[in-house]
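The text then goes through it one part at a time.

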Amino acid sequence: MEQTHKAIQDSIREKAKELLSSKKVDVIVGFGEGTLPLRATPIFIRSQEEADRLIWNSYCENNLATYLYKLSQFKVGLVVKGCDARSVIALSREKRFKHDQLYLIGVPCQRMVDRRKVKKAVKGEILRVGEQGDEITVEGEDFKKVLKRDDFLYPSCQVCIHRTPAKADVLVGNPAEESPLVEVHPDVKDFEKMSPEERWRYFEKEAGRCIRCYACREACPMCYCTECFVDSSNPKWIDKGLSPSDVDFYHIVRAYHQSGRCSGCGACERACPMEIKLTYLTQKLNQDVKELFGFETGVDPDASPPLSTYDIEDRQEFIK
Amino acid sequence: MPFLQSLMDEYDLFAPAQLAEGVSVYKKIDQTEEVDLSISNAQKPAKEIFFPQSETMFRYEKAGKESRITSTEEIKRNRILLGARPCDIQAFSLIDHVFAGKEYTDTYYVNKRKATTIIGMGCDHPLSTCFCSSLNGGPFQREGSDLFLIDLGESYLVELLTEKGMAFQKNKFFEEANEKEISLAKGVEGKAAEKIKAAIPVEGIEKRLDQMMESPYWDRVQEKCLGCRVCTYLCPTCHCFDIMDEARTNKGRRVRNWDSCLSSLYSQETSGHNPRPTNRERTRQRLMHKFNYFPKNFDRIACVGCGRCTLYCPAHFDIRQTIKEIQEGGDK
Amino acid sequence: MVNGTKSSWEPRILAFLCNWCSYAGADLAGTSRIQYPPNIRVIRVPCSGRINPLFILKALQNGIDGVLISGCHPGDCHYLTGNYVGRRKSVTMRRFLQYLGVEEGRVQFSWVSAAEGTKFSQVVEEVTQDIKKLGPAKQFVKLED
Amino acid sequence: MNNPYFPVPTVVKKALVETSDRMLRTLELRFLKDEDAQAFHFVPGQFCELSLLGKGEAPFGIASSPTENGSLKFTINKAGVVTTALHHIEEGAEVGIRGPLGNGYPIDLFQGKNVLVIGGGFAFTTLRSLVTYFLHPENRNKVKDITVIYGARTPGLLLYKEELAEWAKRSDIRLVVTVDQGDKDWKGKVGLVPNVLEEAAPAAENTYAVICGPPIMIKFTFPKLMALRFPNERIYTSLEKRMKCGIGKCGRCNIGHLYVCKDGPVFSYAQLEKLPRDY
């Protein structure tokens, strides 16, 4: 795996240099080394000399498409995983950027490692991380532990069947084999086993930790409304405090607004400082949309978003 | 936990507790089992105890043209904050400046503060992101605590530091510490101090920033910021809030909720004008407030080095790095 | 009110009726003097496609016990396709609420044309019975605190 | 302890729509309790938070003068939730008030000097307070010449028309009213405030200028004052920023280390020059 990462990283750098020197793009948005183990960080590269700061590893977890709105004035070279590319396609359907503004550097994704899960597997602070093949080595002051990489992947990555970007101007690395590690999102599976009452309780408990920092919203490339419904003062849909009803309201609508738009990247869940589970909501909506309308976000660049269209034969047995 | 129970019999007890695996806050304790003193750096800082994220300021009821307002500022039962670490406690002394104030006293904050005895606790496992020592703090700093606990494994060494602390002198759960225990505590303290390796150069940062208001550096700083509120809400010194009414027909309440300078709405005026229209101005405001404006007003930097903003930023923004870059003159 | 003793409790149901069919259907029920339970409060909307899922949640938050959304039959939409688009929102929202564990039957949907005064009264009757069985809404109501 | 967030009850004694576009409405408020009225001391330039329970609070400059005993006036521009509600309430309705807040105009500094008041549009409210204050017989001797230049886009948008007419008749104040665009009944001046200022300004010596208006007016007026050799220390303005608490706690209205609500809203240009352009 390490070798793959290294090879991909080299290709990203090479491509970035080429794009910048030929002035095909003004800026490359990619990942750079984090200052902490288990973390990478979004970086913005504007000159060839800086391009060697670009990296690729198991912690490139952000969906960089979320930065596009800030860069509307520039030609952008964007490093995308499969899910990020799907967001870009979805955004493109919603006419969020100019046709020739983007250059996608597609990376067939090796699935990202869930840093929190890794942290919870050991006692004490992790100070160093290494990766060898399908093993992750974590070291702290008084421990060293080897973990099986596959056991520590993000849930949204475990179910992913679009690891290779559906659309990219260049692909760095070979297309990945598109089969899921698990068939159903583990959190959706667990949730669906519960009774309705248990489900509601679980949902309220998760949402109950919300501090309304809106990191889930800001991390999501599809959350770009000029005025989010939570911020509207007239009409005021919900209050801004921590009343369970208001918090539930926010989480239902934030998720539901992603119907047919969510790429399943999991950026929302990864962004949450309170570790609220969120992808069991969006992933379920994705499943529904696939089942009901045969639609998957950002896979077919020409398909209309399902909630902006219809089929005369759509299901309606629930309508009196 | 008879000691905790005895505290709860007399006080409202606030302490760190886990909400989910790896996620903790300071909260009012209903059952002693909730208390988890091993949590050294809870996601949400202890400021919540005095400055809750969402707080009713008063309730009102309207009848015809008349209305009646009922205040919620009074604290009916004394409180104990148990197990807060020195960084969070140091932060109180910073936001005290704001809420106690010279001209106006924020009764909600001050009432809670006065009614609370703080039992601080030595932080024996500082993280690599901690840099309290660079900001006049330290993992065993006592300032601000009324009592101070040091974890000796089987027992705690308790130091009674203030008048409020001395009230516990006769507590039946406390015994006189012996030499061995005292020296053991010193060992724990020394070990923790060694652990904080990060020396963050804050010296002179206020002056440096005086020159940087229009620096292109802020364009760089803002780049990866998503504009969420994690760093401000989880910061023990951030204290901005919004005031809103929550109405239901004839009744309702006025509420204050935490607010964040990183939100575009924060400074959005009704006219449509926004003095801080982009992330550039907003990230600048956050850092300026901590390292320039606050020191100008109160002679202290509004950062205690707890590292939360760095740990929890979804884009992995590292304030330690930013401070260094500022000190090096910005855009490097 | 939301709470109250069981015997005296009557559900409050909010009905979003499209202007062209269901509202006219309700009107017809009225002018034809067809009886139906008085538990519904009507909000007239231009089209069932106008329903923003926020409306449903807001109603439930405010203590409404049930929500009915009614529009023109497929093919009859005054705006040609509004009800078709609305139907997709309805099915996804309905499934999502179900998934979350919101009681089934709190939110219901119907097609009622301008000529279907009788059907309108039947729908209201059914919905009211369903909601009565469920009892007062509690799940999503914003409590006074 | 006094809770500074508590609104004190007042009632609407009189309400008057000021302008032809009906966007500005003046409310005259009277304290419900005498002790509240007696405890309320303010200087022109200060503001209050007006609150309608269930709607919220918003800050407004006090438009009346401390010399007008018995009631307080506020002129409200209909813009957001609270201001719209304040436009709809009727006489006799209850309005909560917090204040006076902020610093107000430096009246003591003006002693023995000439005062030049420049206003534009609906920002004339606290300027009306200031002028009315100095026109009061007890205070008229405190300052020398008073010159007022007031402009609005159209005649219909001028505030306090009756008072303007009265001031025009007086000999102890020089009033120049101008509109950007006249109408068939308008007999007065037509011209933009900055241009009118050039013609009508008194000598800069011994004169303090107070200027309030829309940003665009300020932008063009300020250079004219500079050209007229007004030093920065003698030009004052009142700033607006989004506010909530009004008492320097909630954070949002800062410009650099100063808070508009507590350290302002009145600042001299000399002060502003030292502050970041964050407004």
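The paragraphs below take the chains in turn, beginning with chain A, and end inside chain D.

Keep in mind throughout that this is a predicted model. Every value in the text was computed from that model.

Begin with chain A, which holds ten helices and eight strands. Its C-alpha trace spans about 60 × 50 × 40 Å along the principal axes. A compact globule with 320 residues would have a radius of gyration near 20 Å, and because chain A has 20 Å, the chain agrees with that expectation. Of the contacts in chain A with a separation of 6 or more, 67% are between residues 24 or more positions apart.

Chain A is divided into two domains. Domain 1 of chain A is written in two pieces, 2-114 and 153-307, while domain 2 of chain A covers 115-152. The centres of these two domains, taken over C-alpha atoms, are 24 Å apart. Eleven residues from domain 1 of chain A and 14 residues from domain 2 of chain A take part in the contact between them. On the domain 1 side of this contact, six residues are nonpolar, one is polar and four are charged.

Chain A also meets another chain. Here 31 residues of chain A are in contact with 33 residues of chain C. Which elements of chain A give two or more residues to the side that touches chain C? They are helix H6 (196-207), helix H8 (244-256) and helix H10 (279-293) of chain A. H8(A) gives the most, with seven residues. Sorted by type, the chain A side of this contact has 18 nonpolar, four polar and nine charged residues.

Now move to chain B. This chain is divided into domain 1, residues 2-195, and domain 2, residues 205-327. Their C-alpha centres lie 25 Å apart. The contact between them joins 33 residues of domain 1 of chain B to 27 residues of domain 2 of chain B. On the domain 1 side, the elements that give two or more residues are strand E3 (54-63) and helix H2 (86-100) of chain B. E3(B) gives the most to that side, with nine residues. The residues of the domain 1 side divide into 16 nonpolar, ten polar and seven charged.

Chain B also contains an open sheet. Six strands form this sheet in the order E2-E1-E5-E6-E7-E8 of chain B, with mixed pairing. Strand E2 (23-28) and strand E8 (156-160) of chain B stand at the edges; each has a single partner strand, so one side of each is left without a neighbour in the sheet. From one strand to the next, the twist averages 25 degrees. To follow one pairing in this sheet, find strand E1 (residues 12-20) of chain B. Six bridges join E1(B) to E2(B), and the two strands run antiparallel. Within this pairing, Pro16(B) has Tyr26(B) in E2(B) as its bridge partner.

Chain D comes last, with eight helices and 15 strands. The C-alpha trace of chain D spans about 50 × 45 × 35 Å along its principal axes. For 279 residues, a compact globule would have a radius of gyration near 19 Å; chain D has 18 Å, which agrees. Buried residues make up 50% of the 279 residues in chain D. Among contacts in chain D between residues at least 6 apart in sequence, 69% join residues at least 24 apart.

One strand of chain D can be looked at in detail. Strand E11 (residues 207-212) of chain D has six of its six residues buried. Thr207(D), Ala209(D) and Ile211(D) point one way from E11(D), while Tyr208(D), Val210(D) and Cys212(D) point the other way, and all are buried. What joins E11(D) to strand E7 (residues 114-120) of chain D? Six bridges do, and the two strands run parallel. In this pairing, Gly119(D) stands opposite Cys212(D). E11(D) is also joined by three bridges to strand E12 (residues 235-238) of chain D, and these strands run parallel. There, Ala209(D) stands opposite Ile235(D) in E12(D).

How values were computed: Residues numbered from 1 in each chain as written. Chains lettered and ligands numbered in written order. Predicted model: local features only at pLDDT ≥ 70, side-chain atom pairs only at ≥ 80, totals over all residues. Contact = placed C-beta atoms within 7 Å. Helix = DSSP H or I, 4+ residues; strand = E, 2+ residues; numbered from the N terminus. Nonpolar A, V, L, I, M, F, W, Y, C, P; charged D, E, K, R; others polar. Domains from an automatic or database assignment. Rg over C-alpha atoms; globule rule 2.2 N^0.38 Å. Buried ≥ 20, exposed ≤ 12 C-beta atoms within 10 Å, placed from the backbone. Pairing = 2+ DSSP bridges. Axes fitted to C-alpha atoms, helices over the stretch in contact; angles between N-to-C directions.
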